[in-house]
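Biologist: Shall we look through this model together, starting with its charged pairs?

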Amino acid sequence: MTPTPRRRIVFIDVDGTILEHGAHMAPGTPGAIRAARAAGHLVYLATGRSASDIHPSVRAIGFDGAVTNSGALVMSGDEVVVDRPLSRESADRMIAALKTRGIRYFLQTRDGVYASDDMAELMRQYAAALDAREAAGEEVRPEDSLVGLAQRTFPSVDDADLTRIDKAVFVSDHAEGMDELRTDLGDEFLIVPGSMPLPGGSNGEINEADTTKGSAIELLLARLGIDAADAIAIGDSWNDIEMFQVCGVAVAMGNAHPELKDLADFVTTDVLDDGIAHAFASLGLV
C-alpha cells in the first residue's frame, strides 16, 4: 500500500522572496506554487505589506491565505483569523515618537497605506531623480525596483483611522534613526530594519512587540489544526526571523541577510534565480 504523502503548509515572504523588491519575479515561481497547491499542500503569503498593497502579479498566482502587515492581519481563504491593530494609545505614542524625531513614515492598515507629508515628498523627489537618471541613459538598478512605489500617490496620514493602524514603515535621514526610536518606544514595540531599499540614512518597520509573522502563524496553525513540524517558512529579511523560529523548516533565500541564513535549515538560490522553485523541489512539494 502506497503511503499518503505528507501534507505541508508553506509561508512565503514577498519582497526579496517572491519579488525582487518591486515587480521582478523568477519565471518558475508561479508554477511551483500552483503545483504545490495542486498536490494538496497549503501555501500562504507572509508579508510585511498591507493586504491591499500586494502586487497584482503575486495575487494572480493564487494562495490559500495570507499573513499581512507583519502578522497583524491573517486571512485563511475569506475568513479573518487574526485582526489585531494597535490600540489607539499605542498608535498615538508611535506617531508622536516619529514626529518628534522628524522621521518620515507610512502608516499601514488592513485596507491601505498612508504617507506623512514629508514621506510623500520624499517619494516624489525620488521618482524625479530616477526619471532623470533614466532619461540620461544611466543604470537605475537596484533603485528601479522602487519606481512603482515612488510614483504612487498615497493618501495622507491625516485620513487614516488611528484605531485601525497595524504598523508603520519609516525613513530616517541618518543611521541612528532606528536606535532613537527603540529608545523612545521601548519594549512595547518591535522595530526592525526594513526589507525594502528605501532612500535615506536608515529605514525600518514598527509593530507591536507581540505582533509578528511568527505569532500570527502560531495562531493560524492552531485554527487549522496543523502541527508546526509540518510548516515551512521561506524568507530573506529581519521580519522573517520569528516565522523561522516557529516553523518546522526554515528556508533562507540566497539573497537573504547572512544572519537569517544562519538561522535557516537550508539556503536556496536567489529570488530571481528561481529560489522558490528550487526550494519547493528540494522539499518534495512539487
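Modeller: Happy to! A salt bridge here is a side-chain nitrogen of Lys or Arg within 4 Å of a carboxyl oxygen of Asp or Glu. This is a predicted model, where local features need pLDDT of at least 70, side-chain atom pairs count only at pLDDT 80 or more, and totals for chains, interfaces and linings use all residues. Residues are numbered from 1 along each chain as its sequence is written, and side-chain values use heavy atoms, with hydrogens and water left out.

Biologist: Which residue meets K213 in a salt bridge?

Modeller: Helices (H or I, at least four residues) and strands (E, at least two) are DSSP runs, numbered from the N terminus. K213 lies in helix α7 and its partner in the loop between β11 and α8, so the pair ties together parts that are 27 residues apart in sequence. With N to O at 2.6 Å, the partner is D240.

Biologist: Is D240 buried or exposed?

Modeller: Buried means under 20% relative accessible area, exposed over 50%, partly exposed in between (1.4 Å probe, protein chains only). D240 has 0% relative accessibility, so D240 counts as buried.

Biologist: How many residues apart in sequence are the parts that R104 and D173 tie together?

Modeller: The closest N and O atoms of the R104–D173 salt bridge are 2.5 Å apart. R104 lies in strand β6 and D173 in the loop between β8 and α6, so the separation is 69 residues.

Biologist: Which helix holds both D179 and R182?

Modeller: Their side chains meet in a salt bridge at 4.0 Å, N to O. D179 and R182 are three residues apart, about one turn, in helix α6.
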